Amino acid sequence: MVNNPKKMLSFEVFPPNTEVGTSKLFKTLDELKELSPDFISVTCSNNNRTDIGHTTIRVADYVNNTLNIPAVAHLSAAYLDKNQVKEILEQLKTKGIHQILALRGDITTLPTKNDFHFASDLVRFIRAYDETFEILGACYPDIHPESQNRVTDFHYLKEKVDSGCDKLITQLFFDNNTFYDFQERCAIAGIEVPILAGIMPIVNRNQAIRLLKTCNTPLPKKFVRILEKYEHNPLALKDAGIAFAIDQIIDLTTEDVDGIHLYTMNNAETAKSIHHATSSLFYQELS
């Protein structure tokens with residue numbers, strides 16, 4: 001029997017705001033390299049061009065050129081104009097980074113620029129500017145928080161894919177049935193690009209509370225019971241949260257998901273625990 005890659009496994013990290021934090025992140029990335037991910041994506045601030053140029057690209061450069069792991073640089077464009085995006089694209093090309101997660105980014109109280117009102121505008125611009133870039137996009141199994149309804153949500157998602165998006169990565173979700181329903185709706189809508197399932201292990205109660213406040217992602221009853229039972233036992237809650245994520249991944253890979261994108265929260269130990277329990281699921285045996 002020969003093991004051949006079947007499903008993608010990727011990680012997401014976020015650049016810290018300090019040099020000390022960045023040094024710690026580089027050590028975390030060194031550990032993540034041992035897990036042989038297909039790529040590592042690096043987030044960015046949605047309204048800070050300096051962050052993209054000096055932090056996101058710096059970390060992505062380390063991933064791509066020091067660790068020799070394909071890097072995906074996040075690019076949020078609501079607060080950028082076309083010339084600024086061109087400058088960032090050229091910086092990425094100089095570093096040999098040719099994968100971008102194209103985002104509009106969250107809208108804050110600051111005034112936005114007028115060039116990129118939707119992620120599809122950015123996708124279309126990048127595709128026209130340089131066809132060598134692989135463009136990834138975000139999607140929401142639980143519906144985008146700003147969408148009026150699912151019909152509108154899928155209209156904009158289809159437009160983004162038709163504009164030149166090569167892959168999709170989902171926002172985190174905790175109910176796999178929600179993801180399977182989303183997959184089916186994508187097929188009906190004619191969205192045929194690979195969809196990577198975004199999984200975030202919940203390892204502490206504050207993280208769960210923060211997610212409930214900021215994300216349009218309901219927690220299933222099973223996980224609510226975990227939070228309640230282990231509210232005052234942080235170690236047990238961490239173990240239960242990791243086990244829950246592992247169960248999700250086992251179910252998803254059994255159903256032949258295109259890939260798993262793990263939101264690591266810059267925690268190599270959590271990623272290692274999950275990888276140890278699931279690594280064989282990302283390969284198929286061929287005689």
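Is lysine 213 buried or exposed? Lysine 213, whose place is in helix H7 (residues 205–214), is exposed, with a relative accessible area of 71%. Here, exposed means over 50% relative accessible area, buried means under 20%, and partly exposed lies in between, with a 1.4 Å probe and protein chains only. Helices (H or I, at least four residues) and strands (E, at least two) are DSSP runs, numbered from the N terminus. Lysine 213 and isoleucine 100 are 113 residues apart in sequence, and their C-alpha atoms are 28 Å apart in space.

The model is predicted: local features need pLDDT of at least 70 and side-chain atom pairs count only at pLDDT 80 or more, while totals for chains, interfaces and linings use all residues. Residues are numbered from 1 along each chain as its sequence is written, and side-chain values use heavy atoms, with hydrogens and water left out.

The reader may turn next to the strands. Strands of a sheet pair through backbone hydrogen bonds, either parallel or antiparallel. In this structure, eight strands close into a barrel in the order S2-S3-S4-S5-S6-S7-S8-S9, and the pairing is parallel; two strands pair if DSSP finds at least two bridges between them. Neighbouring strands of this sheet are turned by 25 degrees against each other on average, direction ignored.

One pairing can be followed residue by residue. Strand S5 (residues 99–103) and strand S6 (residues 134–139) run parallel and are joined by four bridges. Leucine 101 stands opposite leucine 136 in S6, and the bridge partner of alanine 102 in S6 is glycine 137. S6 is mostly covered, as five of its six residues are buried.

Glycine 137 lies in strand S6 and is buried, with a relative accessible area of 0%. Not counting residues up to four places away in sequence, glycine 137 touches Leu101, Ala102, Cys165, Lys167, Leu168 and Ile169; contact means heavy atoms within 4.5 Å. The C-alpha atoms of glycine 137 and leucine 168 are separated by 4.8 Å, although these residues are 31 residues apart along the chain.

Helices accompany the strands. Helix H3 (residues 82–94) lies across strand S4 (71–76) and S5, and runs at about 170 degrees to S4. Helix H9 (residues 234–254) packs on the sheet, where it touches strand S8 (195–199) and strand S9 (259–263), and its direction makes about 165 degrees with that of S8. For such angles, axes are lines fitted to C-alpha atoms, for helices over the stretch in contact, and the angles run from 0 to 180 degrees between N-to-C directions.

Leucine 32, found in helix H1, is buried with a relative accessible area of 0%. Leucine 32 touches Phe11, Val13, Pro37, Ile40, Ala268 and Ala271, not counting residues up to four places away in sequence. Helix H10 (residues 268–278) has the buried residues Ala268, Thr270, Ala271, Ile274, His275 and Thr278. They cover an arc of only 160 degrees around the axis, so they lie on the same side of H10. What covers the buried residues of H10 includes strand S2 (8–13), H1, H9 and S9.

Aromatic rings complete the account. A search of the whole structure finds nine aromatic pairs. Rings of Phe, Tyr and Trp (its six-membered ring) pair if their centres lie within 6.5 Å; planes under 30 degrees apart count as stacked, over 60 as edge-to-face and the rest as tilted. Phenylalanine 116 and phenylalanine 125 form an edge-to-face pair, at 5.5 Å centre to centre and 75 degrees between the planes, and both residues are buried. Phe116, Phe125 and Tyr129 form one aromatic cluster.

The rings of phenylalanine 174 and phenylalanine 223 have their centres 6.0 Å apart and their planes at 20 degrees, so this pair is stacked. Phenylalanine 174 lies in the loop between strand S7 (167–170) and helix H6 (176–189) and phenylalanine 223 in helix H8 (residues 221–229), so the pair ties together parts that are 49 residues apart in sequence. Phenylalanine 174 counts as buried at 4% relative accessibility, and phenylalanine 223 counts as buried at 0%.

Terms used:
Arc of directions from axis to C-beta.
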